[in-house]
Amino acid sequence: QVQLVESGGGAVQPGGSLKLSCVASEDPFSIYAMAWYRQAPEKRRECVAAVASGGITNYKDTAKGRFTISRDDAKRTLYLQINSLKPEDTAAYYCNAVYVSDSGEYTASSGYWGQGTQVTVSS
């Protein structure tokens, strides 16, 4: 089972920026599409950004222009740069490998979720 460790979250003011990191413990990282998810209290976990093994990216509408997902396969690390943070971005952020389901939605490949990293945006 791959261990995923997220970090980089914190408490910031609206308009601030954060760069989140996710490190995978196993070597077979580069062949997987990866994604960032977030889950706010009383909300469903949602995928906000994904990057294919070849580097093609996709973003949730609310994340476009503010979120940038990237990967460093040599370091088995996934990144999420978030700019212009808004209070509604407040959530625990998680990473996972993903695949596209029959319905066209990104679905987590692994049943394991890390501890996540908390992003809190408030004045």
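Apart from neighbours within four places in sequence, Thr-107 is in contact with Tyr-37, Ala-97, Val-98, Tyr-99 and Ser-101; contact means heavy atoms within 4.5 Å. Thr-107 sits in strand E10 (residues 106-108). Strands (E, at least two residues) and helices (H or I, at least four) are DSSP runs, numbered from the N terminus. At 25% relative accessibility, Thr-107 is partly exposed. Buried means under 20% relative accessible area, exposed over 50%, and partly exposed in between (1.4 Å probe, protein chains only). Thr-107 and Cys-47 are 60 residues apart in sequence, yet their C-alpha atoms are 8.5 Å apart in space.

The model is predicted: local features need pLDDT of at least 70, side-chain atom pairs count only at pLDDT 80 or more, and totals for chains, interfaces and linings use all residues. Residues are numbered from 1 along each chain as its sequence is written, and side-chain values use heavy atoms, with hydrogens and water left out.

The largest nonpolar core has 26 residues. Such a core is a set of buried Ala, Val, Leu, Ile, Met, Phe, Trp, Tyr and Cys residues joined through side-chain atoms within 4.5 Å. Leu-20, Trp-36, Phe-67, Ile-69, Leu-78, Leu-80 and Tyr-93 have the most contacts inside this core. At least two core residues come from each of strands E3 (18-24), E4 (33-39), E5 (46-51), E7 (67-72), E8 (77-82), E9 (91-100) and E11 (117-121). Beyond four places in sequence, Tyr-93 is in contact with Glu-6, Leu-20, Trp-36, Tyr-37, Arg-38, Phe-67, Leu-80, Ile-82, Gly-116, Thr-117 and Val-119.

Asp-89 lies in the loop between E8 and E9. This residue is buried, with a relative accessible area of 1%. The side chains of Asp-89 and Arg-38 are joined by a polar contact of 2.9 Å. A polar contact is a pair of N or O atoms within 3.5 Å; within protein, one must be able to donate a hydrogen and the other to accept it, and residues adjacent in sequence count only if both atoms are side-chain atoms. Not counting residues up to four places away in sequence, Asp-89 touches Arg-38, Arg-66, Phe-67, Ser-84, Val-119 and Val-121.

Ser-84 is found in the loop between E8 and E9. Its phi is near 50°, a positive value in a residue other than glycine. Ser-84 is partly exposed, at 39% relative accessible area. Glu-42, in the loop between E4 and E5, has a positive phi near 70°. Glu-42 is exposed, with a relative accessible area of 81%.

Thr-57 belongs to strand E6 (residues 57-59). Its relative accessible area is 35%, so Thr-57 is partly exposed. Thr-57 touches Ala-50, Val-51 and Ile-69, not counting residues up to four places away in sequence.

The largest pocket has a volume of about 170 Å³. On a 1 Å grid over the protein atoms alone, a pocket is an open set of points where a 1.4 Å probe fits, with protein on both sides within 12 Å along at least five of seven lines; lining residues have an atom within 4 Å of a point. Grid points are joined across faces, edges and corners, and the volume is the space filled by probe spheres set on the points. Among the lining residues are Val-2, Leu-4, Phe-29, Tyr-32, Met-34, Asn-96 and Ser-110. The lining divides into eight nonpolar, three polar and one charged residue. Ala, Val, Leu, Ile, Met, Phe, Trp, Tyr, Cys and Pro count as nonpolar, Asp, Glu, Lys and Arg as charged, and the others, Gly among them, as polar.
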